Amino acid sequence: MRKDTPTVRRTRVLTAVLALAAGLLAGGPPALAADAPAPAAVSKAADTYTWRNARIDGGGFVPGIVFNRSEPDLAYARTDIGGAYRWQESTRSWIPLLDSVGWDDWGHTGVVSIASDSADPDRVYAAVGTYTNDWDPGNGAVMRSADRGASWQKTPLPFKLGGNMPGRGMGERLAVDPHDNDVLYLGAPSGHGLWRSTDAGVTWSQVTSFPNPGNYAEDPDDESGYASDNQGVVWVTFDESTGTAGSPTRTVYVGVADKENAVYRSTDAGATWERLAGQPTGYLAHKGVLDAENGHLYLAYSDTGGPYDGGKGRLYRYATATGTWTDISPVAEADTYFGFSGLTVDRQNPGTVMATAYSSWWPDTQIFRSTDSGATWTQAWRYTSYPERENRYVMDVSSSPWLTWGANPSPPEQTPKLGWMTEALEIDPFDPDRMMYGTGATVYGTEELTNWDDDTPFTIRPMVRGLEETAVLDLASPPSGAPLLSALGDIGGFRHTDLTKVPSMMFTRPNFTSTTSLDFAESDPDTVVRVGHVDSGPHVAFSTDNGANWTAGTDLSGVSGGGTVAASADGGRFVWSPEGAGVHHTTGFGTSWSASQGIPAGAVVESDREDPETFYGFKSGRFYVSRDGGATFEASQATGLPAGDSVRFKALPGTAGEIWLAGGASDGPYGLWHSTNFGETFTKLPGVEEADTVGFGKAAPGSSYQTLFTSARIDGVRGIYRSTDAGASWVRINDDAHQWGWTGAAITGDPRVFGRVYVATNGRGVVYGDPTDTGGGPGPDPSGMCEVTYRVTNAWGDGFQADVRLTNTGPTPWDGWSLTWSFTDGERITQLWNGAHTQAGPTVTVRNADWNRAVAPGATVAFGFTASGPPADTRPTAFTLGGQACAAR
């Protein structure tokens, strides 16, 4: 993968998406230090919905992984746009923690830092905010949780944070004092300096004695404010050997984005600060990791802030007792073409340290390991006789096969790659054999790490299940073939034949770095077209087998990006509105294109789903109609439509000329419109205050009109809504725990499954929902038997965590299961993983997830939850499975 391929596009894609969204978001940040919990839930749902991801596993940059230092198996990951996650050891998967972030606070899905409290492992903190320029209209915040991220409280900050800004792989910027866990520090960007809390993150104030807010910007001349922002204070590290329990740690080290003054120290618990004498200059310190046992502060340096760039780097060791600096770089400076960033110490064997060459894009990233405090090093791979190389490791991506990118590179490049943008690297503090590291596309790891030291191969695998981090730009659910086709930023898109399984490969031949639009022929769903961004080659591709295989089309002159595309109802014609060129049309599969007349460049285009000669367009408040296959368009007489271009519209399948249009902005028309006369006139739906997407699904039982879905604000409440009566009434089908930030790119129902809806998120992948009362499968075999083990694993003042294990003790397999019990002391489940739950009063019912519905005889399935209220003195002892009693242990 070349340097500018996988995640550089994330910036460009999200710039467009979020610039669009920014115009739709209103409201200023609340006052500093005031708690800002989510607004009260507004229950409008006729059905309870179960929400899952269409599995891709990964798909974006993971810049930070943090292990708790006092509790085994407790780890967190942060993403640049897709929220934060907690590792669940029992399922070897990640649990999303910030799905409750709502539309108005969409920027809080970008996580610039995360900190786990080792003195109280139930506490975790996240510093959130996506951009420091005006792409994100809101300020950043520090979120705090006393139940491992199951629920949060929020303190707004008086400045922005940049989870998707340059330098986001440095850190961690947020740190908890190991001796006084009410004390936290936060390094701020944009010249805002160092901040501190002394009340466990409730209030924050600037450390005015800290002398240097940083001065490094990737590109000071960038007028957008993206690359020109001062990257600021970038990490905080405590020396735990200098304090006692209950008193703030005396010695604190802080990294600053300043090539001449990168590291500072306080020896009086942050009262005064000094620049470390003798430190190297000309570099930025991406990480500072302290081995207190040996008195070594390790520092990873690069000449730029990353995560994409970096041409030179060094590793240094600072002796905290003597002030001696030692260059411990594994290669000479002249031989580096990369910077160092990923940095970790083996806490069981503190002389063992590892680092990554994060910006070595070609032929691969590099990982270095030393077992003698940096005196000597070995590396993950080396050249034997160029271009041949020898690897210490074996890559096994069978769980995420698309990580090969369908590539067939020439040596020394290999596929799958060891990684790129490898700024997160951590050895499990309780298990020297387990290491995890983040890349621009996944989390990799091994549980055989010490094989490295014996020259024995060790296996690296994706450790990313449950972590979904794609930006979704378009969705389609054909009436036959695969249930879901997706257009994604950075990794192109996928054809899902099974939503519960990772597809074997993204769309290839050609590979688009980002697919911006796709469509299928309504009466011939095997015919599919997609358009997108690509470095070289055609920006359009066609499939005749429902997206399984693709053939590149022919580009138009001047095309610079994908734009939007539409297929006629019968698949014989296509209309394309690319970036850099005007709207064009073709017959066949795009071997030649002709300019469309009467429609402006940049218009959004769609097709009528019944009449193959009819296409539609929208641009700057005007609606356009073509009745001759896209050759000529005429502006309709419709008025009162949104004046800007924040609009998405769809034609209703099965009825010619019926159109639903969503969009607008807070300073003009905004909502949902309906036309039944080919767009000549539109009627605005009353009661829909804002709407940004619209899609169709299977009609409800007894109804002849397709189900409508939208991401909208209705009766003052933002949510995902469903209508089964052509928009006359709406129910909200998500809840405040399932909001996923910005959901304005695309939505579609499933034409084959009533109630199923696919929602595009900006960093949490494709989320799909099913009405709970129609799911769960047939339940266990009536003759089967079952056993339940219920165990409280953690408890705190107003809540607890429990694990439940359900065993099939009967002779026949289960195809779906549903376990019910009753609490006795007012407990309420706040979050549940590895299943879906409903609770009515004290009665809880947990149903299977898609992937654990089948339970063989003798097999066990596990799920866990957090709940409010103290655990009852008497745990639940009566469990029923599909109405039958289970044995309880």
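I counted five cavities of 30 Å³ or more in this structure. A cavity here is a set of points on a 1 Å grid over the protein atoms alone where a 1.4 Å probe fits but cannot get out, and lining residues have an atom within 4 Å of a point. Points are joined across faces, edges and corners, and volume is the space filled by probe spheres set on them.

The model is predicted: local features need pLDDT of at least 70, side-chain atom pairs count only at pLDDT 80 or more, and totals for chains, interfaces and linings use all residues. Residues are numbered from 1 along each chain as its sequence is written, and side-chain values use heavy atoms, with hydrogens and water left out.

I looked up the largest cavity, and its volume is about 100 Å³. It has 15 lining residues, of which M165, P166, R173, D229 and Q231 are the closest to its centre.

I then turned to the second largest cavity, which holds about 70 Å³. Its lining includes G102, W103, S711 and N734. Strand β55 (residues 717-723) gives the most to this lining, with three residues; strands are DSSP runs of E, at least two residues, numbered from the N terminus.

Next came the cores, meaning sets of buried Ala, Val, Leu, Ile, Met, Phe, Trp, Tyr and Cys residues joined through side-chain atoms within 4.5 Å, where buried is under 20% relative accessible area with a 1.4 Å probe, protein chains only. The largest nonpolar core has 52 residues, and W402 and L418 have the most contacts inside it. Among the elements giving two or more residues to this core are β28 (393-395) and β59 (766-771). I noted a second, separate core of 24 residues, with C786, V804, L832 and V855 among them.

Definitions and conventions. 1 Å grid on protein atoms, 1.4 Å probe; cavity = no way out; pocket = protein on both sides within 12 Å on 5 of 7 lines; lining within 4 Å. Helix = DSSP H or I, 4+ residues; strand = E, 2+ residues; numbered from the N terminus. Buried < 20%, exposed > 50% of the residue type's maximum accessible area, 1.4 Å probe, protein only.
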